[in-house]
Amino acid sequence: MNKAQTIEEKQYLVRFNADTKSHLHVLDPDICLTKCPDKICTIFCPASVYKWEEIRMHVGYEGCHECGSCRIGCPYENIRWEYPRGGHGIVFRLG
Amino acid sequence: MSEKFDCIVVGAGPAGTACAYELAKAGVNVLLLERGEYPGSKNVMGGVLYRQMMEDIIPEFYKEAPIERPIVEQRFMMMDKESALTFSYKGLEWAREPYNNFTVLRAKFDQWFAEKAVEQGALLVCETVALECIVENGRVVGVRTDRPDGDVYADVVVLADGVNSLLAKQLGFHREWRPDEVALATMEILKLDKGVIEDRFNLEPGQGCTIELFGDATKGILGTGFLYTNKDSLSIGVGTLLSGLIKHKIRPYELLEYVKNHPMIRPYLQGSEPIEYLAHLIPEGGYHSIPKVAGNGVLVVGDAAQLVNAIHREGSNMAMTSGRLAAETIVMAKEYNDFSEGMLDQYRMKLMESFIGQDLKKYKDATHHFDKFPQYFEKYIPMLNRAASQMFTVDGTSKWEKQKKIWRDIGSVGEKFKLARDVMKAWRVMK
C-alpha cells in the first residue's frame with residue numbers, strides 16, 4: 001500500500017445503496033457559475049461528490065458519505081441537504 | 001404506523017440507544033428510529049469506546065460485546081516532516097478488568113447495543129428517516145417519518161440524530177453550525193494480521209494501542225490524526241476543522257494519504273490492505289456551541305447537542321451518559337405526567353453537573369484558541385522536534401552550546417516573549 005490511493009480507489013471500498021433520486025440539490029446554479037470562483041465544495045467534499053463541469057456543478061450523490069460538510073461549508077448556503085430515503089445511501093460495514 | 005408511544009428516540013447511535021435501553025428497562029414504551037439499514041451503518045468513530053460510561057448502562061458489557069482490543073498504551077506523536085517527538089503512557093492496570101477503554105468497530109458495536117435495547121423491550125425500526133418533529137401548541141408531540149402514513153406520536157421525543165442535528169435546528173434550538181464548529185474526519189480500516197499488529201505495536205496477544213498524531217499529520221492545520229489497533233485491522237484517520245480545510249484548500253482524502261505515507265507512520269502500515277474508507281463530521285464547537293437541549297416534549301442528546309471533548313477525543317462516552325441522563329429525566333417526567341420544558345430542563349441541569357458539562361466548560365476556549373493562533377501546530381511542534389534532535393545528536397558540541405543553539409532557534413527577543421506568552425495562554429485555556 002505504498003503508492004497514494006486515489007479517491008476513486010477509496011470509494012470503491014465503500015458499499016452504497018443509492019436511491020434513484022438525489023438527496024443533494026444546488027439551489028441556484030447561477031451562484032456557482034458567477035459568484036463562486038473557488039468552488040470550494042469540489043475540494044473539501046471527502047467523497048468528491050461535487051465536480052465542476054465547465055458551466056455546471058455535477059453532483060454525484062450516489063457516492064455521498066452523508067457527512068454534511070457541503071451544507072455547512074458552502075459559502076453561499078446554496079446546497080439543500082437532506083438524508084437519503086430510509087435504508088438508502090452509504091452503508092458502513094466496519095468503522 | 002400512526003401510533004402513540006411514551007417516547008420516540010430518533011437515531012440508534014450510542015446516545016439514542018443508551019436512552020432507549022434505559023427507558024425500556026424502566027418499563028417505558030419506547031420507539032427507536034434508525035435511518036440506516038442497521039444501527040451503525042451510518043456511524044463512524046476513530047474507534048475508542050470508554051468502559052465506565054458503557055458499564056453505567058450494561059455492567060461487564062465487554063464480556064459479550066463485539067469489542068476489538070482493550071487499550072494498554074496511549075501514545076502522542078508531535079510530528080515534523082521527517083521526525084516525531086513521542087510521549088506515551090502504558091499501564092498494565094488497563095490490561096485487566098475493569099479496563100479503561102477499548103477500540104470498537106461501530107457498525108458491529110452499534111448493532112449489538114441496539115439489540116440489547118430491543119431485548120429490554122424497545123421497538124427498533126430501521127430504514128426510517130425522521131423528517132421533522134410534529135409540533136402542536138408549542139410542544140413536540142411526535143415525528144413525521146418518510147414511511148407511508150409515517151406520523152408517530154409520543155409524550156416526549158429524544159433527538160439523537162447525530163452531528164448534523166437537523167431536527168433541533170428545525171425547532172430553532174440552534175442555528176446552522178459554522179465551519180469552525182465541526183471537524184471533518186476521514187479514515188480507513190486497513191486489514192493486517194493479528195500477530196503482525198502485536199509485534200509492531202509491542203503488545204501481548206489481545207492488547208491494543210492508540211496513537212494520536214499532532215503537527216505535520218495535519219500539515220500544521222488545527223486537527224489531529226490517529227492510528228488505532230483493532231483485532232486484525234488498523235484504523236487510521238485524520239480530522240481537521242472544516243474551516244481549516246476551506247482556508248487551506250485541502251482535499252481531506254489527500255491529507256489522509258499524506259498521513260498514511262508519512263515516514264513516521266508508513267512503517268506501521270506496511271503490508272496492510274485498505275478495506276473501508278469513511279468520512280464523518282465531529283461536533284467540535286464545545287461548550288459555547290451546546291444548543292438548547294430541552295423543550296416542551298423534546299430533549300437533545302449526544303453529537304446532536306455538540307457533546308464532544310475534542311481535546312481528549314471523548315464523544316461516545318458523553319453520548320451514552322447524555323442518553324442515560326435523558327432517560328432518567330423522562331422516567332421522572334412520566335411519574336408526574338409532565339413533559340413540559342420546565343420539567344424536562346432537569347436533563348440540562350444533570351448534564352451540566354456531570355463530567356460532560358464540567359469537562360466541556362474546562363476546555364470551552366481551547367479549540368477556538370488553537371484555531372485563532374496557528375503557531376502552536378505550525379511553528380512550535382517543528383521547533384520542539386529540532387530541539388530534541390539538537391539535544392540528542394552527539395557530535396562533539398557541548399551541551400551548553402547545544403542549549404544556546406536551541407535558544408537561538410526560537411528567534412529574536414520579541415519571538416521569545418511571544419513564545420512565553422503563547423505557553424501562558426495555552427495553559428490558561430487548558431487548565
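The contact between the two chains takes 57 residues from chain B and 41 residues from chain A, where contact means heavy atoms within 4.5 Å. This is a predicted model, in which local features need pLDDT of at least 70, side-chain atom pairs count only at pLDDT 80 or more, and totals for chains, interfaces and linings use all residues. Residues are numbered from 1 along each chain as its sequence is written, chains are lettered from A and ligands numbered from 1 in the order in which they are written, and side-chain values use heavy atoms, with hydrogens and water left out.

## The interface

About 4,100 Å² is buried between chain B and chain A, and carbon and sulfur atoms give 56% of that area. Buried area is the accessible area (1.4 Å probe) that two parts lose on being put together, summed over both. In chain B, the residues that lose the most area to chain A are B:Tyr253, B:Glu276 and B:Tyr277. Together they make up 16% of what that side buries.

The rule finds 28 residue pairs in polar contact across the interface, both residues at pLDDT 80 or more. A polar contact is a pair of N or O atoms within 3.5 Å; within protein, one must be able to donate a hydrogen and the other to accept it, and residues adjacent in sequence count only if both atoms are side-chain atoms.

Several elements of chain B give two or more residues to the side that touches chain A, among them α3 (106–120), α7 (252–260) and β15 (273–283). Helices (H or I, at least four residues) and strands (E, at least two) are DSSP runs, numbered from the N terminus. β15(B) gives the most, with 8 residues. By type, the residues on this side of chain B divide into 28 nonpolar, 11 polar and 18 charged. Here Ala, Val, Leu, Ile, Met, Phe, Trp, Tyr, Cys and Pro count as nonpolar, Asp, Glu, Lys and Arg as charged, and the others, Gly among them, as polar.

## Salt bridges

Side chains of opposite charge can pair when their charged atoms come close. A salt bridge is a side-chain nitrogen of Lys or Arg within 4 Å of a carboxyl oxygen of Asp or Glu. The structure holds 43 salt bridges over all chains. Across the interface of chain B and chain A there are 7.

| Pair | Closest N to O |
|---|---|
| A:Glu66 and B:Lys42 | 2.9 Å |
| B:Glu55 and B:Arg51 | 2.9 Å |

A:Arg71 counts as buried at 7% relative accessibility, while B:Glu176 is partly exposed at 23%. Buried means under 20% relative accessible area, exposed over 50%, and partly exposed in between (1.4 Å probe, protein chains only).

B:Asp56 and B:Arg324 link distant parts of the chain, 268 residues apart. B:Asp56 sits in the loop between α2 and β4 (67–80), and B:Arg324 in helix α9. B:Asp56 is partly exposed, at 35%; B:Arg324 is buried, at 16%.

A network of salt bridges links A:Lys10, B:Glu188, B:Glu257 and B:Lys260.

## Around B:Arg51

B:Arg51 belongs to helix α2 (residues 51–55) of chain B. Its relative accessible area is 12%, so B:Arg51 is buried. B:Glu55 is 4 residues away in the helix, about one helical turn. B:Glu55 is buried too, at 16%. A polar atom of the B:Arg51 side chain also lies 3.0 Å from the backbone oxygen of B:Tyr99. Beyond its neighbours within four places in sequence, B:Arg51 is in contact with residues including B:Phe61, B:Tyr62 and B:Phe102.

Helix α1 (residues 14–25) has 12 residues, and 11 of them are buried, so α1(B) is largely enclosed by the rest of the structure. Its cover includes β1 (4–10), β2 (30–33), α3, β10 and α9 of chain B. After α1(B) comes B:Gly27, with a positive phi near 85°.

Helix α10 (residues 341–353) has 13 residues and reaches 18 Å from its first C-alpha to its last. Its buried residues are B:Met343, B:Leu344, B:Asp345, B:Tyr347 and B:Leu351. They pack against elements including α9 (316–336) and α11 (355–362) of chain B.

## Chain A

Chain A has 4 helices and 6 strands. From the N terminus on, they run α-β-β-α-α-β-β-α-β-β. Of its 95 residues, 57% count as buried.

Methods:
The expected span of a helix is 1.5 Å times one less than its number of residues.
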